[in-house]
Amino acid sequence: MAAYTEKKQAPDPAMVLKQARQDLFASAMEWEPSEFIRAHAELFDAYFRQCFAASRVGPQLAINRNPYAVIALGGYGRAEQCVFSDVDLLLLFEKSVPEEAEELVREYVYPLWDLGLDVGYAIRSLRECVKMAKEDLEVLTAVLDARFLCGISSVYADLTAQVRDRVLGRAPHKIIRSLVDRNRQRHDHYGDSAFLLEPNLKEGAGGLRDYHTMRWIGRIRFDLKELRDLEYHGAISSNEYENLAGAVEFIWKVRNRLHYFTGRKCDQLYFNCQIRLAEEMGLEEKDGQMPVERLMSELHAKMGYVKKQLLLFLFELGFEKPSRRSFGFRRHPEIPGIEINRGGLDFKSSSRIVKSPELLIRIFEASARLRMPLTREAGRLVREFGHLADDKFRADPTVRRAFENILLTPAKPVNVLEQMLETGFLVRLIPEFAGIVDRIQFDAYHLYPVDRHSLRTVYFIKSFGDSPPDGVDPLCIKVYNGLKRKHLLLLAALLHDIGKAGAEGKHSITGAQMAKDIVAGLGYGPKEVELIRFLIENHLLLVKTASRRDIHDEETAIRTARQIGHVNRLKMLYLLTVADSMATGPKAWNDWTATLVRDFFLKILRILEKGELATTGAVRRVEKKKTYVRQAVDFPDTDVDSLLNILSPRYLLYIEARDVVSHLNLYRQLQTNEYVWEISPDEASNTRTVVVCAKDRPGLFSKISGVFTLSGIDVLNAQVFTWKNNVALDIFTVTPPPDEIFEAERWQRAGRDLEAALAGRLDLGAALMKKPVRAAKQEVSGRPNRVVVDNDSSSFYTIVEVFAYDFPGLLYRITDALTRSGLDIWVAKIATKVDQVVDVFYVRDDQGNKVEDAGQVQDIRRQVLSVLS
């Protein structure tokens, strides 16, 4: 038998890479993030070098006559290869690109595509690459991150040299300005990830791209290669470098784990990933914060630090300075020990701070007055000497006056409170503030960490007197400008959520008690302390009452007026309510909520200013309405007084005279119809008022609300009136149909559905079961469904409050359950807290009485809870 030698086949580089990545991922939890991403990049380095060495096409390219290099770009070029990051590759030829280059790509790239990897590549000549880097910022930044892999290293060296001489060397300032502008556009598009509920770990403000921008600018301006070179160059201190590196390391950690368990490249940290991510990272509940809240608190803190370092870096290079016109008329600090240095405020020496600790707050006061930020060095000194802000410091009248001036000064263009927070001085001045710094509330309602939300609340109140945001009610501007002791309102706004620092129970009550000690420690007197305590304890009173109680019921307004007591308190409370809601986020403050709170505020103001009470004004107003109706109604065949006699007293008290006339006209159309209705738009609040007139029957309200749900229309508010002739007049405030272009057709369809439902031809329960269900967010916040029965807030009605997670048909199910419990619904208030709805119903039993029997109350709770799943 002939002898032969079996040639051993070389291992497939792609299979080697696949196995190596699996092994690396299996041990990923044991690696530091920076070590992992570098090790991951090295696996790809080994793959491309093996491909280069074993290439069948390579020898055909005559590398000695037309040298080429294989170069890593982008994140791969920086050796920052996260789990599912793109792999960007450049085949760079010294002269022209040969036709065989595409075959080389097939050898290198196609096997990676077969493995499901995202690989981008470019094939360019040296001349072409330099030209593109000059014209395209994206290409330039990719080249700035370029790293040689294999081939002829001199080609790579020529690329870096030519880019440095012919691109960077000719217009460095212009290139950096383009980077800064692009950075600002990116922030505008992706939002401030340092605060957002679902931050973008890469592109948002405070994300990895901000860190990359610092690297690129350091490379262009100072020819720096690594982030640490910024420290060696003196651009940042050693401590700042360590903190910045730690922040970037944490973001990498989160990004890697997010990639790993989603199984794809994913940089947006969505709600449904956050809980699992916190579990994967082994976090536990601590200080009243859930694991996911601890994760997001730390992430926001780290991203906030990255964003701050980039802004400081740009400011010191002259790219983020406010315009000279914004500095005001006096451009001198006029405070001994403080000077202007490179466009920012600085201390003349650290020894001055030791001798005069009040300079720690006076520099912020000067910053507010001159609209000029602190320099980086001044910020360092504030952090270093912050310990001098002790109890004696806080009680100093000079310190208190300086703080009041900071609170009262407009927040644009320099938000001094933010500078105080970022340098740690705000916590030195108010130590209790530390408990809410970067504290996250894990729900879809609060867009910002508690500390930033508090600062935004102050900002919005100040804006009422300076530059109010678009859409702000002129009433807020008028009330603010007429207010005395504005600084007390602003201080209450700053402290209004201080009770969320891990406290049990209602944060408003806890915060009010904490604020008493804080404000007294700042040297304020008993009356001032009591005012701030009251504002904090009641900062949710107006919005909760307006959205959960019948504000047409004068008993509600009178009860609230007695609780507030003074006009000045009411005005401050109103401004705090508006600013707090605006600072929470757009889903907390909309046209409808604004209208509700405004109307309720004006009702209470009238009571406090004029002393109007229901007993003295009601009879007079009802008689005045009747006179108006007699003159306005013209029904030749009907006695108007007989019509007025069938109207219920409650209806005549609450409904405006013009609307009574309109409703009587609608009633005349009812005759033998199942129902008639009238739909009118309200442009101010972008809502629709739907008045339904029908013969009363059990479940009428439930059927109407079910039809609205079928049509994609949300109920915001409802009033139910039953006249003495057994006719129901129900007034709904609802959102417009989803497609407003075809609104008329939508209402016609809803009308046919309502007629069918009332006639028994449409099974609403079955129809709603077929409607697609939006994903409930109960798993996000973890709050359970809840039913509260209140017999104290109204003299005539039992109030049922339902806290539940929204889904199509929810209102129908609740009202159907109340009907089956033998209850008549008289008023409904629908308040959606984004992830949870609060539906409030004023009810009576079938005898017209409140439900006060304990057994009946428990039965109502059971019935409603049973339909909420």
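**Figure 1. D86 and K265 pair up in this predicted model.** D86 is partly exposed, with a relative accessible area of 29%. Its class, partly exposed, lies between buried (under 20% relative accessible area) and exposed (over 50%), using a 1.4 Å probe and protein chains only. The side chains of K265 and D86 form a salt bridge, 3.2 Å from N to O. A salt bridge here puts a side-chain nitrogen of Lys or Arg within 4 Å of a carboxyl oxygen of Asp or Glu. K265 sits in the loop between α12 (238–262) and α13 (271–280), and D86 in the loop between α3 (74–77) and β2 (87–93), so the pair ties together parts 179 residues apart in sequence. Helices (H or I, at least four residues) and strands (E, at least two) are DSSP runs, numbered from the N terminus. K265 is partly exposed too, at 31% relative accessible area.

**Figure 2. E242 meets R228 in a salt bridge.** The N to O distance is 3.3 Å. The pair links distant parts of the chain: E242 belongs to helix α12, while R228 lies in the loop between α10 (208–222) and α11 (229–233), 14 residues apart. E242 is partly exposed, with a relative accessible area of 42%. R228 is partly exposed as well, at 28%.

**Figure 3. R255 and D267 form a buried pair.** Their side chains meet in a salt bridge of 2.7 Å, N to O. R255 is in helix α12 and D267 in the loop between α12 and α13, 12 residues apart. Both R255 and D267 are buried.

Figure 4. A search of the whole structure finds 41 salt bridges.

**Figure 5. R127, K134, R166 and R170 form a positive surface patch.** Patch residues have over 30% relative accessible area and no salt bridge; like charges are joined within 9 Å, and nonpolar side chains (Val, Leu, Ile, Met, Phe, Trp, Tyr) within 5 Å. Lys and Arg count as positive, Asp and Glu as negative; His and the chain ends are not counted. Each charge is placed at NZ of Lys, CZ of Arg, CG of Asp or CD of Glu. R170 lies in the loop between α8 (153–168) and α9 (172–190). R170 is exposed, at 60% relative accessible area.

**Notes.** Residues are numbered from 1 along each chain as its sequence is written, and side-chain values use heavy atoms, leaving out hydrogens and water. In this predicted model, local features need pLDDT of at least 70 and side-chain atom pairs count only at pLDDT 80 or more, while totals for chains, interfaces and linings use all residues.

Key. Accessible areas come from the Shrake-Rupley method with a 1.4 Å probe; for residues, only the protein chains shown count as cover.
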